[in-house]
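Subject: Structure for your files

Hello,

Here is the structure I said I would pass on. Please open it beside this message.

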Amino acid sequence: MRRLAIASGLLVCVAAFLAATTAPTSPTPLDTTGRTQADYNEQITTIKQQLPDTFTILQQPPFIVCGDDTPRRVKYYSEQTVAWAVKTLKNEYFEKDPTDLITIYLFKDEASYKKYTKQLFDEEPSTPYGYYSPTDKALIMNISTGGGTLVHEIVHPFVAANFPKCPAWFNEGLGSLYEQSGAKDGRIVGYTNWRLPALQKALKAATVPSFEKFCATTDNDFYTKDRGTNYGQARYLCYYLQEKGLLQNFYKAFLKNHEKDPTGYETLKSTLNEKDMPAFQKRWTDFTLALRYPDVH
Ligand SMILES: [Zn+2]
């Protein structure tokens, strides 16, 4: 009996060993959507067919990065900007990777940006810097203008995957906050930037709407009826929250409450612990007027 038990125990072990070594292992997912190396390979093959050999194509999950700058510079942007932004933004806010496998096109100059935007997507860019096209599953950048817009645009597919009902004002506030950013204690932080002077001018002229009105702006109005301060007001509200250590809390609370509070205004009040919003508006205005860009001390 004993011998038999040992023998059968051995057989079980051998069977387990064989199963472990011969059973097909399921491919390791490379991002939170479950996409595998095969999915990335398939898309890289497609991109290779669309672009000349002069392009460098890199896998940078959850994205694919390609560009016609020198291979060294494409690699630099892929690792130092894309991978860094993905890591720090996920640490701060996002659990899920973008639903689509998005390709980031880094065109080396304006001529290349215009040429390939037309050739690949049949579009004429309305901005010199770059944009996110959900339809084309692409971030299309003129990288000669710098990496700031790239970080801004990376925010959008993450917001779409994690907070699909996020209103434009907060989506653009977060995106534009990080278009001028760096790291502090391993966390991503936005700095003052070129949007500040126009906002300060409007604040002095008292043409900036109340936050109650601003948060209630529809997405369509945010984009089509911008008097020039929508992005600035959104950005510097996010900047204020960041500087008070409240931005991550606001994001999480708004995500949780958005069905009840779709504009975010009530969540803003509770995050600020403020009932008197005109008093807050005054505080925020004074804070913003005291900011400097360039941020020299
Ligand atoms: Zn944007």
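This is a predicted model: local features need pLDDT of at least 70, side-chain atom pairs count only at pLDDT 80 or more; totals for chains, interfaces and linings use all residues.

Residues are numbered from 1 along each chain as its sequence is written.

The domain assignment gives domain 1 (37–162) and domain 2 (187–289); such bounds come from an automatic or database assignment. Their centres, taken over C-alpha atoms, are 28 Å apart. Five residues from domain 1 and four residues from domain 2 make the contact (C-beta atoms, placed from the backbone, within 7 Å).

Helix α3 (residues 71–92) and helix α5 (residues 148–162) have axes that come within 10 Å and cross at roughly 45 degrees. Helices here are DSSP runs of H or I with at least four residues, and strands are E runs of at least two, numbered from the N terminus. Axes are lines fitted to C-alpha atoms over the stretch in contact, with angles from 0 to 180 degrees between N-to-C directions. Residues in the contact include Val82 and Leu89 of α3 and Ile154 and Phe158 of α5.

The peptide bond from proline 61 to proline 62 is cis, with omega near 10 degrees. Proline 62 sits in the loop between β1 (56–60) and β2 (63–67). Another cis peptide bond joins tyrosine 293 and proline 294, with omega about -5 degrees.

Aspartate 122 is not a glycine, yet has a positive phi of about 55 degrees. Aspartate 185 also has a positive phi, of about 50 degrees.

Regards

Notes:
Two residues are in contact if their C-beta atoms, placed from the backbone, lie within 7 Å.
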